[in-house]
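Colleague: I am new to this structure and would be grateful for a guided reading. May I put some questions to you in turn?

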Amino acid sequence: TDLLTDRQRQFMTEALEQGYYDTPRTCSLTDLADVLDVSKSTASVVLHNAEETIVKEFFAESID
């Protein structure tokens with residue numbers, strides 16, 4: 001539960017709820033940034049950092 005910062009968790013939760021991770025996407029990065037009231041680049045950086053943390057944690061045992 002301490003894997004992500006509060007901000008990363010907020011952004012990821014909103015991204016999931018808005019459909020950013022759906023296939024096909026029902027929410028663009030621009031739409032998500034608008035909902036979160038941040039710039040598109042800020043949304044991208046926060047999501048990328050959260051995704052990096054999640055992916056590295058998920059694969060940590062198989063990489064070691």
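Predicted model: local features only at pLDDT ≥ 70, side-chain atom pairs only at ≥ 80, totals over all residues.

Colleague: Which elements make up the protein chain, in order from the N terminus?

Modeller: The protein chain holds 3 helices and 0 strands. Helix H1 covers 6-18, helix H2 covers 29-36, and helix H3 covers residues 40-63. Read from the N terminus, the order is α-α-α.

Colleague: What share of the residues of the protein chain counts as buried?

Modeller: The C-alpha trace spans about 40 × 25 × 20 Å along its principal axes. The chain has 64 residues, and the share that counts as buried is 27%.

Colleague: Is Tyr 21 buried, exposed or partly exposed?

Modeller: The relative accessible area of Tyr 21 is 30%.

Colleague: How are the rings of Tyr 20 and Tyr 21 arranged?

Modeller: The structure holds 2 aromatic pairs. In the pair of Tyr 20 and Tyr 21, the ring centres lie 5.0 Å apart and the planes meet at 85°. Planes over 60 degrees apart count as edge-to-face, so the arrangement of Tyr 20 and Tyr 21 is edge-to-face.

Colleague: And how are the rings of Phe 58 and Phe 59 arranged?

Modeller: The centres of these two rings, Phe 58 and Phe 59, are 4.9 Å apart. Their planes stand at 75°, so the pair is edge-to-face.

Colleague: Which residue lies over the face of Tyr 20?

Modeller: Tyr 20 is buried, because its relative accessible area is 10%. At 3.9 Å from the centre of the Tyr 20 ring, over its face, lies Arg 25.

Colleague: About how much accessible area does the nonpolar patch on the surface have?

Modeller: The patch is formed by Val 55, Phe 58 and Phe 59. Val 55, in helix H3, counts as partly exposed at 46% relative accessibility. Phe 58 counts as exposed at 66%, and Phe 59 as partly exposed at 39%. Together Val 55, Phe 58 and Phe 59 have an accessible area of about 330 Å².

Colleague: With which residue does Glu 52 form a salt bridge?

Modeller: The count of salt bridges comes to 1. The closest N and O atoms are 2.7 Å apart, and the partner of Glu 52 is Lys 56.

Colleague: How far apart are the C-alpha atoms of Cys 27 and Glu 52?

Modeller: Cys 27 has its place in the loop between H1 and H2, and it is buried, with a relative accessible area of 6%. Along the chain, Cys 27 and Glu 52 are 25 residues apart. Their C-alpha atoms are separated by 21 Å.

Colleague: What is omega for the peptide bond from Thr 23 to Pro 24?

Modeller: Most peptide bonds are trans. The bond from Thr 23 to Pro 24 is cis, and Pro 24 is found in the loop between H1 and H2. For this peptide bond, omega is near -5°.

Colleague: Which residue has a positive phi although it is not a glycine?

Modeller: Most residues other than glycine have a negative phi. The residue in question is found in the loop between H2 and H3 and counts as exposed at 71% relative accessibility. Its phi is about 60°, and the residue is Asp 37.

Colleague: Which backbone nitrogen does the side chain of Gln 8 reach?

Modeller: Gln 8 is found in helix H1, and it is buried, with a relative accessible area of 11%. At 3.0 Å, the side chain of Gln 8 reaches the backbone nitrogen of Thr 5.

Colleague: Finally, how far apart are the C-alpha atoms of Asp 2 and Pro 24?

Modeller: Asp 2 is found in the segment before helix H1 and is exposed, with a relative accessible area of 75%. Asp 2 and Pro 24 are 22 residues apart along the chain. The separation of their C-alpha atoms is 30 Å.

Conventions
Residues numbered from 1 in each chain as written. Heavy atoms only, no water. Phe/Tyr/Trp six-rings, centres within 6.5 Å; stacked < 30°, edge-to-face > 60°. Buried < 20%, exposed > 50% of the residue type's maximum accessible area, 1.4 Å probe, protein only. Lys NZ or Arg CZ within 6 Å of the ring centre and 35° of its normal. Helix = DSSP H or I, 4+ residues; strand = E, 2+ residues; numbered from the N terminus. Patch = residues over 30% accessible without salt bridge, like charges linked within 9 Å, V, L, I, M, F, W, Y side chains within 5 Å. Areas by Shrake-Rupley, 256 points an atom, 1.4 Å probe, with all protein chains shown as cover. Salt bridge = Lys/Arg side-chain N within 4 Å of Asp/Glu carboxyl O. Polar contact = N/O pair within 3.5 Å; in protein donor to acceptor, adjacent residues only side chain to side chain.
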